[in-house]
Amino acid sequence: MARSLRVAPEYIKTVKSALLRNGYPSQQSLAIEAGISLSTAKSFLSGKPVDYLNFVELSSKLGLDWQEISSKEPETQPRQPQRHNGEASPFITGSPITQPRYFFGREKELKRLFNLLKRHPLQNAAIIGKKRSGKTSLLHYLKNITTTPAEQLRPNQKSDWLPQPENYQWIFIDLQDARMQNREGLLKYILESLKMQVPNPCDLDYFMDVVSDNLHKPTVILLDEIGVGLQRCPELDDSFWESLRSLATNSTGGNLAFILATPESPIELAQNTGHSSPFFNIFAYTAYLEAFTEQEARELIASSPIPFDDEDVEWILKQSQCLPILLQILCRERLFTLEEGEDENWREEALRQMKPFSHLLDSKIAE
Ligand SMILES: Nc1ncnc2c1ncn2[C@@H]1O[C@H](COP(=O)(O)OP(=O)(O)OP(=O)(O)O)[C@@H](O)[C@H]1O
Ligand SMILES: [Mg+2]
């Protein structure tokens with residue numbers, strides 16, 4: 001699903017004029033206020049793609065409705081590795097990683113998660129991690145890694161996590177996507193993904209009947225940004241979540257599991273949003289996404305097409321505290337300077353690029 005957005009051409013004028021109207025004398029002042037880089041603010045204002053969250057943040061700072069001004073043309077990552085000067089560029093900063101070859105680490109979590117999915121009954125899990133910790137990337141990886149052809153992976157990248165991966169059905173649902181925020185839209189999407197007949201209108205009772213009668217293959221529903229579903233979607237109420245729970249636990253012969261991603265514990269999230277649904281008690285395992293291990297971080301750094309020298313590697317490890325988004329930014333900056341032969345002051349610039357995310361760092365360790 002598309003995770004970067006651009007301003008629709010017909011709204012570029014409106015967006016530019018909103019800058020002054022909202023008291024921003026320059027693009028830089030908007031960037032500072034939104035806590036993002038100047039280049040992202042510039043891209044936004046000129047209709048180039050920017051990360052979904054930055055898009056929503058910038059729109060709100062300008063008093064604009066992000067859904068109204070966004071281009072409806074989907075913006076997706078290329079299926080093949082991108083080429084630049086003949087070299088593959090492995091460093092992706094901002095958008096979730098959707099191509100497995102760019103995904104690193106999380107070995108322990110992958111082992112635990114696939115363990116819940118490889119036997120009957122399939123069991124549910126939650127992924128908890130701060131903003132930008134890699135939740136969406138992990139959901140995509142679970143969905144894709146077991147069926148991606150070896151030639152599209154890095155050498156030695158493990159993919160044999162499941163005994164019969166081709167039997168599995170995976171459905172990725174981003175609850176920030178407006179189409180998923182009402183009952184009928186969400187149920188239809190699930191039925192379409194399962195290649196089951198979609199009635200019109202499509203209500204919960206019918207959905208339950210069709211799925212319990214026809215779901216004979218192991219199926220995993222990945223629910224990203226579940227908090228949005230609880231906070232902002234009145235149609236996704238307790239009876240809706242209870243029905244999903246009953247599908248997973250009683251009606252599908254152990255063939256259905258949910259994996260959800262959220263910044264907070266699902267049970268607390270349900271309580272804090274006034275939901276009583278027992279759906280949020282069925283998560284057998286919780287993966288907490290924190291920094292990479294040093295070895296995982298070194299592997300990401302070593303994927304640079306131009307190797308970094310040892311001193312740079314140590315500096316990147318230290319400054320990033322092995323947080324994936326920060327590793328990616330620092331590696332991107334170093335690679336760029338090596339490619340362009342502009343060696344001077346690259347660390348200064350790299351730290352500047354990292355700044356919008358410095359709140360992720362443990363301040364006691366950061367210099
Ligand atoms: N396993 C990984 N391997 C490599 N890079 C990663 C990995 N996980 C996260 N990243 C880096 O972190 C960035 C953010 O990842 P992602 O969008 O998956 O996080 P998130 O927790 O879903 O963020 P948000 O809370 O904003 O939705 C990616 O663009 C990438 O730079
Ligand atoms: Mg995400």
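# Close-up views of a predicted chain and its ligand

View 1. Helix 7 and helix 15 (324-340) each supply at least two residues of the shell around ligand 1. (Helices are DSSP runs of H or I with at least four residues, strands are DSSP runs of E with at least two, and both are numbered from the N terminus.) Keep in mind that this is a predicted model, where local features need pLDDT of at least 70 and side-chain atom pairs count only at pLDDT 80 or more, while totals for chains, interfaces and linings use all residues. As for the labels, residues are numbered from 1 along each chain as its sequence is written, and chains are lettered from A and ligands numbered from 1 in the order in which they are written. There are 23 residues around ligand 1, and the ones that come nearest are Gly 134, Lys 135, Thr 136, Ser 137 and Pro 324. (To be near a molecule, a residue needs its C-beta atom, placed from the backbone, within 6 Å of it.) Sort the shell by class and you get nine nonpolar, 10 polar and four charged residues. (Here Ala, Val, Leu, Ile, Met, Phe, Trp, Tyr, Cys and Pro are nonpolar, Asp, Glu, Lys and Arg are charged, and the others, Gly among them, are polar.)

**View 2. Stepping back to the whole chain.** Count the pieces and you find 16 helices and nine strands. The radius of gyration is 22 Å, close to the 21 Å that the globule rule gives for 367 residues, so the chain is as compact as a globular protein of that length. (That radius is taken over C-alpha atoms, and the rule is 2.2 Å times the number of residues to the power 0.38.) The C-alpha trace spans about 65 × 50 × 40 Å along its principal axes. Back at the ligand, domain 2 and domain 3 each give at least three residues to the shell.

**View 3. Inside the largest nonpolar core.** This core has 64 residues, and Leu 222, Ile 259 and Leu 327 touch the most other members. Both domain 2 and domain 3 give residues to this core, so it lies between them. (A nonpolar core is a set of buried Ala, Val, Leu, Ile, Met, Phe, Trp, Tyr and Cys residues joined through C-beta atoms within 7 Å. Buried means 20 or more other C-beta atoms within 10 Å of a residue's own, exposed means 12 or fewer, and partly exposed is in between, with C-beta atoms placed from the backbone.) Leaving out residues up to four places away in sequence, Ile 259 touches Leu 113, Asn 124, Ala 125, Ile 127, Leu 139, Leu 142, Val 220 and Leu 222. (Touching, or being in contact, means backbone-placed C-beta atoms within 7 Å.)

**View 4. Zooming in on Leu 139.** You'll find Leu 139 in helix 7 (residues 135-144). Leu 139 counts as buried because 24 other C-beta atoms sit within 10 Å. Its contacts, again skipping residues up to four places away in sequence, are Phe 172, Leu 222, Asp 224, Ile 259 and Ala 261.

**View 5. Helix 3 and its cover.** The buried residues of helix 3 (residues 38-45) are Thr 40, Ala 41, Ser 43, Phe 44 and Leu 45. Among the elements covering them are helix 1 (12-21), helix 2 (27-34), strand 2 (50-51) and helix 4 (52-61). Ala 41, Phe 44 and Leu 45 also belong, along with Ala 18, to another core of 16 residues, apart from the largest one. After helix 3 comes Gly 47, with a positive phi near 80°.

**View 6. Two cis peptide bonds.** One joins His 120 and Pro 121, with omega about -10°. Pro 121 sits in the loop between helix 6 (107-117) and strand 5 (124-129). Another joins Asn 200 and Pro 201, with omega about -5°, and Pro 201 is in the loop between helix 8 (183-193) and helix 9 (204-214).

**View 7. Positive phi without glycine.** Arg 106 isn't a glycine, yet its phi is positive, about 60°. Look for Arg 106 in the loop between strand 4 (87-88) and helix 6. Is Arg 106 buried or exposed? Arg 106 is buried, because 21 other C-beta atoms lie within 10 Å. Lys 195, also not a glycine, has a positive phi of about 55° and is found in the loop between helix 8 and helix 9. Lys 195 has 9 C-beta neighbours inside 10 Å, so this residue counts as exposed.

How values were computed
Contact = placed C-beta atoms within 7 Å. Domains from an automatic or database assignment.
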